[in-house]
Amino acid sequence: MASTKRKCQEEIIQTLRKNSRNGTGPPCRFDDAEIISLLEMFSEICASKGTPEKMDRNRFRDELQTCFKITDDFLMDRVFRAFDRDNDSALKQEEWVLGLHVFLRGDLEDKIKYCFLVYDLNGDGYISREEMFHLLKNCLYKQSSEEDPDEGVKDLVETVLKKLDQDHDGRVNLMDYRKAVTETPLLLESLGPCLPSQAACNEFLALMHGNLGQRSGMGRHHKQDEENKMIKHRNKEQKGKTQRK
């Protein structure tokens, strides 16, 4: 079993390396040990669901919230879609590694392509006013006390569009977005937070490298939560028995 697992991991590593070298796939700057660590994490997360080779949307959302502090429901779904390269509604091991590569090892170009993919809601290669409105409205609604927050969102859309739309055609393509973000990096997440903070990335990297001892942030944290609940419940019962005596 162990040799089969190791062989599978080696095949994944070779595929990632080959696709990265010949340009048929995205770059992968993880070393072999880091890829194996991520594959082990993937298997651990999925094991409790009985699907060790696939991660479903709900489990992925749990990891986004716990490890990377990405909590917006709509954006979490968009991040899942960006990771899910073959659009089969489940993440395979390679998709998990490549998605995390953007978070942890990605350069500005990697992150530009990723964020554009997250923001291009219908996948037509453009970010329209309507898509901007949909992306920004949740953020503004949560913060606004206005009776008609739609007007505030529309104003914000026009402001962001003015900064991103480099060819002035009323919508944003990848070239527009790349040029705007390259000149002003703060515009990278101007349509909503879809990348983790550097602190969250550093914590995850330490976890990946085994510097935290127990992998409390991945897979096992689900089991630990359940164990903590059981201990708390038993303590409560014991306290009740003591009081009755």
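**View 1. The side chain of N173 meets the backbone nitrogen of M175.** A polar atom of the N173 side chain lies 3.1 Å from the backbone nitrogen of M175. The N173 side chain also reaches the backbone nitrogen of D176, at 2.7 Å. Polar contacts here are pairs of N or O atoms within 3.5 Å; within protein, one must be able to donate a hydrogen and the other to accept it, and residues adjacent in sequence count only if both atoms are side-chain atoms. This is a predicted model, in which local features need pLDDT of at least 70 and side-chain atom pairs count only at pLDDT 80 or more, while totals for chains, interfaces and linings use all residues. Residues are numbered from 1 along each chain as its sequence is written, and side-chain values use heavy atoms, leaving out hydrogens and water.

View 2. N173 sits in strand β2 (residues 172-173); strands are DSSP runs of E, at least two residues, and helices are runs of H or I, at least four, numbered from the N terminus. With a relative accessible area of 17%, N173 is buried (under 20%; exposed is over 50%, partly exposed in between, with a 1.4 Å probe and protein chains only). Leaving aside residues up to four places away in sequence, N173 touches F116, G125, Y126 and D167 (heavy atoms within 4.5 Å).

View 3. Buried in α8 are P149, G152, V153, V157, V160, L161 and L164. Down the axis of α8 these residues fall within an arc of 170 degrees, so they line one face of the helix (the arc takes directions from the helix axis to the C-beta atoms). The face turned away from that buried side carries exposed D155 and K162.
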